[in-house]
Amino acid sequence: MSLVNAENLTKVYRMGEIEVEALKSVSFEIEPASFISFIGPSGSGKTTLLNLIGCLDKPTSGKLEVSGVNTSDLTRKEAAAFRGKNLGFIFQDFNLIPVLTVYENVEYPLLIVQSVPAEERKERVNSLLKTVGMIDQRDKYPDQISGGQKQRVAVARALVTNPKLVLADEPTANLDSKTAFIVIDIMRQMKDEFGVTFIFSTHDPKIVREVEMVYTLQDGTLIGQTQVKGGLNA
Amino acid sequence: MLKLFKIAVRNLSRYKRRTFLTSSLIAIGVMFVLVFIAASGSFKYIMIGQITDSMLGHLQVHKRGYVASIDSLPLTLNLSAKAETKLEKTMEDIPEIEAFSPRIKFGGMFSNFIESTNIRVNGVYPEKEIVTVPLFPSRIKQGEKSIKEGEILIPELLANGMKTKVGDTVVVIATNRDGSVNGKQFIIGGIIESVTGPGGRDGYMHIKDAMEVLRMEEMEISEVAIRLKDFDKLNAVSDRLDEMLSKELNKQGKPIFDVRTWEKLSPFYNVARMIDVMTFFIKLMLIAIVLVSIMNVMIMAVFERIREIGTISAIGTMPKKILSLFLIEGFSLGVFGAVVGNILALGVIFLINLIKITFNFGRQTGLILSPNLNTGDIVWISAIVIIVSVAAALQPAFKASRMEPVEALRHV
């Protein structure tokens with residue numbers, strides 16, 4: 001069974017009297033433990049698609065199933081619960097909570113969203129911080145670490161709940177090449193180790209070279225689906 | 001919940017200056033309100049104490065109809081000896097009553113053999129009067145602090161006007177209830193200080209002398225002043241006494257007795273009420289200060305953290321937890337402001353008590369303002385501040401919790 005199944009997905013934004021069709025009948029399937037990317041120029045609908053898959057927004061029409069759940073029908077509360085249980089997010093600007101330390105940022109979803117017991121929480125957070133190489137920085141606040149380190153923390157936060165799917169919107173856009181490779185490498189390790197599916201929205205050729213499958217969007221339409229040779233499982 | 005508190009407090013400390021200014025505003029507001037409550041309460045209770053402990057007593061019982069004609073001190077509306085006995089027996093069944101003092105009140109002529117003027121006199125049992133209105137002896141400015149038979153205590157205004165002094169012989173002439181006039185010579189035993197309020201300018205003599213002046217063969221009482229062990233039980237005791245006495249009916253089947261608290265007898269009660277009304281409006285101002293300042297801070301906090309709200313919402317934080325987070329921030333500001341305000345208020349009140357501020361009331365001078373905060377006021381004001389703080393945070397918190405994550409994340 002596919003992890004994400006989109007059929008004729010359409011999203012229309014209304015800005016006053018003007019309607020903008022951000023996605024036009026997009027259909028695709030993504031299998032579990034995939035490492036895939038949506039690419040396309042600005043305004044092609046990449047972020048809109050990621051928002052729909054991430055239950056942050058609802059399609060205007062079409063069907064979208066994530067992990068067997070028709071997410072179009074979820075209420076606000078159900079969508080929040082679904083995100084907390086099944087999804088992880090990595091943002092372009094890292095979006096760490098500035099008043100929490102590195103450890104607390106990673107711990108946040110377990111504590112506030114999933115209410116995991118303290119001992120298990122500690123174990124999972126420390127384990128992930130070790131994996132992303134941030135255990136030594138655990139007591140630092142986001143403004144005391146570099147961009148690359150922030151994104152590593154964001155990766156750890158996205159994975160700490162053991163999600164089935166991680167959505168990463170331009171995760172390397174604010175990183176230098178070397179750091180970007182490190183972060184991509186960590187994500188691929190996570191995918192291999194935990195069987196997590198990563199879906200990227202990106203312009204970054206470094207990511208495109210590393211993924212298994214690339215979906216190309218243009219003007220809201222899915223115009224291509226390419227298996228990448230450089231991808232680990234290609 | 002504890003973790004949410006921790007995050008909320010850290011969020012507040014993120015904007016140190018704003019948090020400091022807002023909580024300072026609340027703290028200063030709380031301090032002023034508590035100091036005002038303590039000072040006005042002190043003023044009020046000093047005044048009530050002066051009035052009730054100097055002359056009025058906490059409660060008074062008259063024959064029904066007497067109070068309506070109290071200015072003319074009608075002897076025809078005195079309580080009979082039988083009624084007075086019933087009243088005393090009833091009071092014996094109320095343990096909250098500490099003491100009582102029966103009085104004969106009458107108006108008459110006062111003469112120093114050169115000139116004469118009118119006088120209002122209370123005939124009292126000295127020992128009962130002193131325990132019922134314990135500040136009475138302190139009002140005697142000249143002469144012995146007692147009322148002996150054959151002596152009269154006259155108000156100082158009268159003594160000054162008539163140029164009389166302690167030891168002078170004077171005559172008191174009065175008309176009794178049958179209309180016959182009688183007079184009796186007295187020695188001025190003391191000069192008594194006038195106080196504000198009804199009966200504050202009356203003279204005093206022994207009740208036996210009053211009976212003699214009025215040619216009473218049997219005791220008749222104009223009023224009975226009552227002192228309670230606990231002033232706070234005033235209304236409860238008044239109601240109970242009134243209920244017990246209401247069973248005593250006259251020949252027309254109407255109640256004989258009329259029980260009134262000091263509030264219904266003294267015009268100062270309206271001043272006390274005014275102080276309460278002022279306190280109420282001061283509290284309203286505090287509520288407005290807290291409401292506006294917390295709301296302002298929380299609206300700013302939500303506006304500045306829209307992307308952060310989007311992030312925590314995206315990673316699965318339920319709307320009610322986002323709501324709680326912002327409510328806790330408002331709550332924490334309120335608690336902090338209230339605690340600091342309470343500490344400041346206690347400090348200011350301590351200083352006022354140390355400085356010993358004096359004031360005058362009517363003819364009484366040098367009364368010391370001794371503000372005192374009771375736990376009830378502290379708890380009540382703190383509760384108001386905290387509840388209003390949470391209420392003020394409600395709208396911004398709702399806004400944050402209902403924010404669409406996709407729009408919040410898009411916010412720049």
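**Notebook: chain B**

I began with the secondary structure of chain B, which comes to 13 helices and 12 strands, and I kept in mind throughout that this is a predicted model. I then looked up the overall spread: the radius of gyration of chain B is 31 Å, well over the 22 Å that the globule rule gives for 412 residues, so chain B is more spread out than a compact globule. Along the principal axes, I found that its C-alpha atoms fill a box of roughly 100 × 50 × 30 Å.

Next I turned to the domains, and noted that domain 1 of chain B takes in 2-51 + 270-410 while domain 2 covers 65-255. Between the centres of these two domains, taken over C-alpha atoms, I noted 51 Å. I also recorded that 42% of the 412 residues in chain B are buried.

Ala392(B) counts as buried because it has 25 C-beta neighbours inside 10 Å, where 20 or more are needed. Leaving aside residues up to four places away in sequence, I listed what Ala392(B) touches, including Val290(B), Leu291(B) and Gly330(B). Val292(B) lies 100 residues from Ala392(B) in sequence, yet the two are 7.4 Å apart in space, C-alpha to C-alpha.

Last I looked at the partner chain, where 18 residues of chain B are in contact with 20 residues of chain A. The elements of chain B that give two or more residues to this side are helices H1 (2-14), H10 (306-314), H11 (319-355) and H13 (405-410). By class, I noted seven nonpolar, five polar and six charged residues on the side of chain B that touches chain A.

Terms used
Residues are numbered from 1 along each chain as its sequence is written. Chains are lettered from A and ligands numbered from 1 in the order in which they are written. This is a predicted model: local features need pLDDT of at least 70, side-chain atom pairs count only at pLDDT 80 or more; totals for chains, interfaces and linings use all residues. Two residues are in contact if their C-beta atoms, placed from the backbone, lie within 7 Å. Helices (H or I, at least four residues) and strands (E, at least two) are DSSP runs, numbered from the N terminus. Ala, Val, Leu, Ile, Met, Phe, Trp, Tyr, Cys and Pro count as nonpolar, Asp, Glu, Lys and Arg as charged, and the others, Gly among them, as polar. A residue is buried if 20 or more other C-beta atoms lie within 10 Å of its own, exposed if 12 or fewer, and partly exposed in between; C-beta atoms are placed from the backbone. Domain bounds come from an automatic or database domain assignment. The radius of gyration is taken over C-alpha atoms; the globule rule is 2.2 Å times the number of residues to the power 0.38.
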